[in-house]
Amino acid sequence: MGRRTRTTGVAACWLLLAVSCGDDESSRDSTEDTPEGTTAVVPTDGADGSVSSVPASDGAAGSAPSEEAQVEAAQAAALEAAGGEEIGGSVSLLGVLGGEELDDFLQVLAPFEEATGITVEYEGTRDIGAILQTRVEGGNPPDVVSTPGLGQMAELAAQGEVVDLNDLIGAEQLAANFSPSLIETASTDDQVYGVFSTVNLGGLIWYDPNAYDGPTDPESWEALIQWSREKAAADGVTPWCIGLESGAASGWPAADFIDDILLRQAGPEFHEQWWRGEVPWTAPEVKRAFETYGEFATDETLTYGGVTTSLTLNFANGADAMYSDPPQCYLHQQATFMGGIIASNFPDLEPGVDLDFFPAPTFNPEFEGIQSVSGEIISILNETEQSTALARYMATPEAGSLVGATGRWLSPNSQVEAEIYADPFLRRASEVLQEASGSHYLGNALMPTALVEAFWQSGLDYVENPDELDQILSGLDEVRVEAYAD
Amino acid sequence: MVTTRLVQTVVAVVALAVISGVYLKAGGRLISGMPTRLRGVAAATVWVGPAVLIVAIVLVGPALSTLRLSLFDGDGDEFVGAENYTTAAGNDEILISLRNSVLWVVSLPVLSVAVGLAMAVLADRVRYESVVKSVLFLPVAISAVAAGVIWRFMLDYRPPGAPQTGTLNAIVTAIPGVTPVAWLVDRTTNNVALIGATLWTQAGFAMVILSAGLRSIPGELSEAARLDGASEWQLFRRIKLPLLAPTIVVVMTTMAVIALKAFDIVYVMTNGAYDTDVLATSMYKQLFSDRHQGRASAIATILMLAVTPIMVYNVRVYRREAVGR
């Protein structure tokens with residue numbers, strides 16, 4: 001008996017060993033293979049667990065001759081960026097994209113791979129804050145990072161982990177291709193830590209012109225909310241739909257809009273003090289921004305399926321209910337990239353006819369015309385021939401126009417003209433930006449990582465329990481105090 | 001690149017084999033050269049020494065350094081005494097993760113033994129037993145991340161009236177008058193859902209071990225009991241279950257350890273949102289989001305302290321069994 005049990009025990013231990021090995025492997029899987037990001041990510045629920053660690057496809061030339069010309073120009077620019085020779089080898093790139101967004105981003109890199117022979121190994125994760133930190137601390141940083149989280153890159157730059165692009169690309173080249181404000185946004189006091197690859201215009205409201213009968217140029221936020229309430233009361237249909245789920249980054253769509261509201265309600269000056277950690281989260285301005293968001297987001301009668309649906313719906317499917325038959329909602333708030341995601345979810349939609357947007361109306365007449373932007377930057381952590389070439393390539397107008405040609409993102413490159421946008425949304429978004437009296441970067445991309453994640457989480461908490469706003473804000477303020485302490 | 005790695009690996013393997021061989025030879029010679037009264041000590045030192053050294057380097061060392069770090073501040077520079085522990089004790093997030101871990105440690109072992117035993121006993125009685133067991137064992141081979149993704153689909157929520165894409169909600173709403181449940185958001189169901197997903201990946205493992213245990217009970221015992229007029233239930237309850245007790249202990253302790261180190265399923269399915277954090281995810285967040293080594297180490301220490309009694313108990317059971325032989 002004793003012997004037999006012991007044998008069982010040993011067998012159990014062997015199996016246990018096998019199981020724990022399996023666990024190790026799967027946790028590695030989870031760190032490397034869970035795509036989906038923070039500001040711009042996967043279009044479907046299904047992409048949640050899928051592998052996105054794929055090398056960029058080569059040969060991206062489309063059918064239109066102008067596209068071909070663009071790609072050829074980009075190849076020439078890439079070759080020049082690589083010092084005129086096919087270097088070969090590979091460069092590892094850690095980013096947040098997955099699914100079709102990733103495919104489109106890789107299209108921008110395809111001419112680079114083609115011309116230089118360098119393979120770009122893109123690895124997508126929605127948990128970039130933690131993953132990047134782990135990799136850096138483990139002495140295994142990716143060569144290049146493509147991230148919307150500027151705050152984290154600034155932290156890493158302060159620790160001396162990021163290569164100064166003034167040296168690598170050259171201050172003149174940067175100044176020739178990017179506006180001073182974009183360069184400054186991705187700089188610390190003594191170095192440029194990133195070069196912008198994509199830009200999104202925030203605070204947009206998407207709608208289906210066939211179904212939406214409300215104001216498309218509402219004079220104020222109150223007017224839009226007023227319309228929503230009347231519509232809900234009259235038709236019994238919830239006017240708004242919201243999707244806040246995004247894996248490890250869940251809650252960011254709420255945080256993004258609260259951020260945008262704060263910027264345009266309390267003004268850019270306060271907004272900057274806020275993301276720099278100089279004013280408390282318990283300030284009345286911050287509370288008001290949350291409450292303004294809550295006017296529709298916490299109202300069960302105004303959001304599709306109520307709060308529970310907002311919390312469980314993946315942000316990429318956030319607007320799907322606009323196109324169910326009959327529509328379950330009419331309005332969806334999200335930045336420019338949402339147009340591409342909706343179009344991927346419903347390939348038959350005709351942009352401008354079945355889908356359109358208007359910028360969220362003024363929250364405060366004093367700050368009319370202020371717009372928020374977000375985007376992604378490329379930063380170099382490992383200076384190699386290949387990563388240097390990639391950074392130089394991304395700073396060229398040729399790469400910049402390919403970004404615009406994807407139809408998903410605005411190009412950060414100042415040499416890129418509005419005409420290159422084949423996509424009507426992007427063309428209009430770029431006009432809105434040009435007309436804006438000022439554009440400011442979203443604060444939640446600039447804050448320290450711990451605070452950013454707490455802010456995202458607070459988006460979920462507030463939508464779920466609006467009555468606890470004061471506790472949520474004082475909790476956030478505790479995180480702020482600690483995050484800016486060092 | 002790949003070829004250099006291959007060459008390095010081959011060299012390392014050969015070197016390791018040569019060094020081990022030399023060590024064994026030299027050790028043997030050294031011991032036989034010793035005076036008889038020292039031989040016992042020498043043999044123990046020579047043969048057990050390397051194992052002890054390796055354990056000290058890869059286990060004891062890091063454990064001690066974690067313990068040390070748990071008494072320092074976030075950057076590991078300044079000694080703060082027990083502050084990390086007191087902060088943890090006052091931190092809602094960490095307390096919730098502690099509560100959840102307790103829930104996991106209690107329910108996962110109990111559930112997996114119950115389910116595993118039921119499957120083992122029932123599968124034993126059918127002709128196509130091996131097929132049934134193989135199917136039930138399959139989820140064990142699935143990585144926790146994949147299991148998490150699968151279960152997220154299973155537990156998907158859509159508002160009432162919309163087509164339910166989640167299997168569970170599709171079943172639930174088939175009953176008239178029942179509304180879909182947001183399994184992973186609702187605080188009464190989310191922890192259970194996570195434990196359930198883990199159970200799905202582990203029950204097959206419990207079944208295999210328990211089934212082996214059942215097999216090892218001599219058939220004569222059952223036969224004798226039946227001759228004495230015992231019912232099937234009595235046979236199970238009075239004969240098989242007591243004889244199976246040591247195996248059950250093995251399964252339960254294994255599951256308790258799995259419950260304590262649960263991470264992947266939670267990370268993939270909820271990432272700790274809506275009060276579902278467990279100690280391991282909470283530690284991960286403290287370390288990589290909040291960048292607070294001190295508090296992360298304090299949580300790791302708590303985890304280690306929680307596992308220790310289970311391991312001590314496990315070792316004792318093994319010892320008792322060995323003596324009983």
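**Exercise 1.** Is A:Tyr212 buried or exposed?

Solution. This is a predicted model, in which local features need pLDDT of at least 70, side-chain atom pairs count only at pLDDT 80 or more, and totals for chains, interfaces and linings use all residues. Residues are numbered from 1 along each chain as its sequence is written, chains are lettered from A and ligands numbered from 1 in the order in which they are written, and side-chain values use heavy atoms, with hydrogens and water left out.

Step 1: take the cut-offs. Buried means under 20% relative accessible area, exposed over 50%, and partly exposed in between (1.4 Å probe, protein chains only).
Step 2: apply them. A:Tyr212 has a relative accessible area of 7%, so A:Tyr212 is buried.

**Exercise 2.** Classify the ring pair of A:Tyr212 and A:Phe358.

Solution. Step 1: recall the rule. Rings of Phe, Tyr and Trp (its six-membered ring) pair if their centres lie within 6.5 Å; planes under 30 degrees apart count as stacked, over 60 as edge-to-face and the rest as tilted.
Step 2: use the values. The centres are 6.2 Å apart and the planes meet at 25°, so the pair is stacked.
Step 3: place the residues. A:Tyr212 lies in the loop between strand 5 and helix 8 of chain A, and A:Phe358 in strand 7 of chain A, 146 residues apart. Helices (H or I, at least four residues) and strands (E, at least two) are DSSP runs, numbered from the N terminus.
Step 4: check A:Phe358. At 3% relative accessibility, A:Phe358 is buried.

**Exercise 3.** Describe the sheet that holds strand 7 of chain A.

Solution. Step 1: read the order. The sheet is open, with 3 strands of chain A in the order 6-5-7 and antiparallel pairing. Two strands pair if DSSP finds at least two bridges between them.
Step 2: find the edges. Strand 6 and strand 7 (356-359) have a single partner strand each, so one side of each lacks a neighbour in the sheet.
Step 3: count bridges. Strand 5 (residues 204-207) and strand 7 of chain A are joined by 4. A:Ile205 has A:Phe358 as its bridge partner.

**Exercise 4.** Which cysteines form the disulfide, and where do they lie?

Solution. Step 1: search. The whole structure holds 1 disulfide (a pair of cysteine sulfur atoms within 2.5 Å).
Step 2: name the pair. A:Cys241 is joined to A:Cys329, S to S 2.1 Å.
Step 3: locate both. A:Cys241 is in the loop between helix 8 (221-235) and helix 9 (252-266) of chain A, and A:Cys329 in the loop between helix 12 (306-312) and strand 6 (331-333) of chain A. They are 88 residues apart.
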